[in-house]
Amino acid sequence: MRSAVKTSSRYTRRAMLLMSVLVCLALVTVLFSVWIKTVVEERRQVRAIEDRMQAEYLADSGLRRAAARLAADADYAGETWQVEAGDFSGPRGGTVSIEVRRESDEPLARVVRAVADFPKEVTARARRSKETKLILSARRETP
């Protein structure tokens with residue numbers, strides 16, 4: 001009888017140890033899954049912030065591009081500027097729509113609006129727009 005009690009007690013201890021190991025393994029798996037979800041969500045948020053910043057920079061660049069074009073040609077009316085991925089350090093490009101309007105009360109004034117989308121290939125992209133008023137310099141005629 002003594003031997004049967006020892007064997008039963010040994011199996012009970014092994015079963016308890018196995019259950020403890022399985023519970024710990026399940027707990028570690030759940031914690032790891034939560035950690036992975038957190039990392040993935042944080043990466044997505046960082047990517048969205050990066051896209052918004054890049055769209056902001058593209059909108060600024062669109063205004064500067066329009067100012068340079070207007071300095072060369074007062075009749076510049078705008079364009080859609082495709083910025084390729086090779087122009088960035090990353091694998092994605094962007095699009096900047098530039099619109100130039102004349103001010104009716106000031107012949108040398110132009111209102112420039114730049115709308116930047118980044119990245120251009122994705123449906124969930126960041127969009128930023130900026131608008132400024134530029135005054136063209138009066139051109140001097142040379143005799």
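**Close-up views of a predicted model**

**View 1. A nonpolar patch on the surface includes Val-40 of helix 1.** Val-40 lies in helix 1, which covers residues 2-72, in a model that is predicted. Together with Phe-32, Trp-35, Ile-36 and Val-39, Val-40 forms a nonpolar patch on the surface, and these residues have about 480 Å² of accessible area together. Val-40 counts as exposed because its relative accessibility is 51% and the term applies to values over 50%. Phe-32, another member of the patch, has a relative accessible area of 49% and is therefore partly exposed.

**View 2. Phe-32 and Trp-35 form an aromatic pair.** A search of the whole structure finds 1 aromatic pair. In this pair, the rings of Phe-32 and Trp-35 are 5.8 Å apart from centre to centre, with 35 degrees between their planes, and the arrangement is tilted. Because the two residues are 3 residues apart in helix 1, Phe-32 and Trp-35 are separated by about one helical turn.

**View 3. Strand 1 and strand 2 run antiparallel.** Strand 1, made of residues 78-83, is joined by 6 bridges to strand 2, made of residues 94-102. Within this pairing, Gln-82 stands opposite Thr-95 in strand 2.

**View 4. A hairpin joins strand 2 to strand 3.**

Notes:
Residues are numbered from 1 along each chain as its sequence is written. This is a predicted model: local features need pLDDT of at least 70, side-chain atom pairs count only at pLDDT 80 or more; totals for chains, interfaces and linings use all residues. Side-chain values use heavy atoms; hydrogens and water are left out. Patches are made of residues with over 30% relative accessible area and no salt bridge: like charges are joined within 9 Å, nonpolar side chains (Val, Leu, Ile, Met, Phe, Trp, Tyr) within 5 Å. Accessible areas come from the Shrake-Rupley method with a 1.4 Å probe; for residues, only the protein chains shown count as cover. A salt bridge is a side-chain nitrogen of Lys or Arg within 4 Å of a carboxyl oxygen of Asp or Glu. Helices (H or I, at least four residues) and strands (E, at least two) are DSSP runs, numbered from the N terminus. Buried means under 20% relative accessible area, exposed over 50%, partly exposed in between (1.4 Å probe, protein chains only). Two strands pair if DSSP finds at least two bridges between them. Rings of Phe, Tyr and Trp (its six-membered ring) pair if their centres lie within 6.5 Å; planes under 30 degrees apart count as stacked, over 60 as edge-to-face and the rest as tilted.
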